[in-house]
Amino acid sequence: MKYTQSVGEKSTVKLTISFTEEEWKEAISKAYLKTRGKYTVPGFRKGKAPQPVLENYYGKGLFYEEAFNLLYSRHYPAILEKEKSNFTAVGEPDLSVEDMTDGKGVTLAAIVPVKPDVTIDAYTGLKIKKYEYNVTDADVDAEVKKLLERNATDIDVKDRACRKGDTVNIDFSGSVDGEKFAGGTAEDYDLVLGSGSFIPGFEEQVVGMKVGDNKEITVTFPENYQADNLKGKEAVFAIKLNKITGKQLPELTDEYVKTHAGAENVEGYKNKTREKLLKQAENRSRDETENSIVDEISKHAKAEIPQAMIESEIDRMVQDFSYRLMYQGIKLEDYIKYLGQTMQEFRAQFTSQAQPRVLQQLVIEKIIKSENITVSDKEVDAKIAEQAKSVEKTAEEYKKTIDPRQLDYIKNDLVITKLFDFLSANNELYSDEKKSAAKKPAAKTAAKSADEKPAAKTAAKSSSAKSAAAKKPAAKKD
């Protein structure tokens, strides 16, 4: 076997793989032995007819396809391994027969989608927005209220209008331009007012209704809404309010927090809560700043991304979406059926998010390679010791519990941390103002719980550029 390679269009490499007449005949013989049991010829028991008899009866090319598969499966992986320093395949190749001449063997052509090189005009010296969040007394009070709400008593409300914080049971029917749409109608639906579960303006217009009231409200779907046919459209919902359920909170006392929060007293619980919120604010500030850094650098980057990489990223996004649904007891197939979509239509919704995500991953890998960012065994050991301490184990004990994938993740996480330390130090980060950590941007959905549609509304990165990149093996190899 011999092969040559040449650069193709749109981030592909063409492999021309030639096999001698002897290799081709050997592959056909192996294909015959492997598949002969499928065929029957009069006068022979099934699977016992000689190769020439089968070829004469069914046609000369009877075993060609299986022979091609055998040659491909045997040699293609070895070629990729040999050429790994020159290119990285990112999808299955497009195979074809380039030449098949009697007495001269056979030549296969494989058009391989490969990881593209990314060109970055600048990744230092940029002005990039930094996100900062603080914790206020109101944030602490809100957390305390959540503790009380976990043990609140439901009360049936009949003597007042509904207000924020109430759970209302409603029937609703939505239409756009007079036509009802999938997912816009439900009966006996429980909605917590103020939860941000529905699209902007929906819950706010329900507030003030009383039991038995009927009302029409008008809302506008966000421009980035996941269903293309509803993006930016004005919708009218007919609402009927069936029931209002309010909450009666228990009294906040030292005894209550001791029983329900493990704190000695109210003051101690509030102090512990503030520490927790400060840590969350710090993490959120870091994550959103890292996202901002990668977003800004990606504006200065270009790459000819093959469709195979986009499809792989969509695969990951759909799988993540499916996992989130499973936690709520919902199957992806049922959810797609509920939307009235095909799997192809559902996947198409992720395309606009997948391409920038792939570019960002390529950008991260390129900078790591360009700056030769690596970690030492000493740094890895220090991280392992830190994690061991958090679970009250010695480093030696903890190390025995780590599998190779977890060790790779630790190494990669350290690399990514170094990357963002470098990018933070070599770019100008500015902040408009510190915001309350409690004021998180609510990602809205249509007249359906946001918790049931989490993935379709996520941004380019699931949580942070750091965590997203930490899942990519290529980043740690560089």
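## Sheet, helix and confidence

Strand 2 (residues 12-19) and strand 4 (residues 105-113) run antiparallel and are joined by eight bridges. Leu-15 has Ala-110 of strand 4 as its bridge partner. The model is predicted, with local features requiring pLDDT of at least 70 and side-chain atom pairs pLDDT 80 or more, while totals for chains, interfaces and linings use all residues. Residues are numbered from 1 along each chain as its sequence is written, and side-chain values use heavy atoms, without hydrogens and water.

Strands are DSSP runs of E with at least two residues, helices runs of H or I with at least four, numbered from the N terminus; two strands pair if DSSP finds at least two bridges between them. The open sheet comprises four strands in the order 1-2-4-3, with antiparallel pairing. Strand 1 and strand 3 stand at the edges with a single partner strand each, so one side of each has no neighbour in the sheet.

| Edge strand | Residues |
|---|---|
| Strand 1 | 2-7 |
| Strand 3 | 94-101 |

Helix 14 (residues 404-425) has 22 residues and reaches 32 Å from its first C-alpha to its last, close to the 32 Å expected at 1.5 Å a residue, where the expected span is 1.5 Å times one less than the number of residues. At the N-terminal end, Asp-403 caps helix 14, with a side-chain oxygen 3.1 Å from the backbone nitrogen of Arg-405.

The protein chain averages a pLDDT (the predictor's confidence in each residue, from 0 to 100) of 88, and 91% of the residues score at least 70.

Definitions and conventions:
A polar contact is a pair of N or O atoms within 3.5 Å; within protein, one must be able to donate a hydrogen and the other to accept it, and residues adjacent in sequence count only if both atoms are side-chain atoms.
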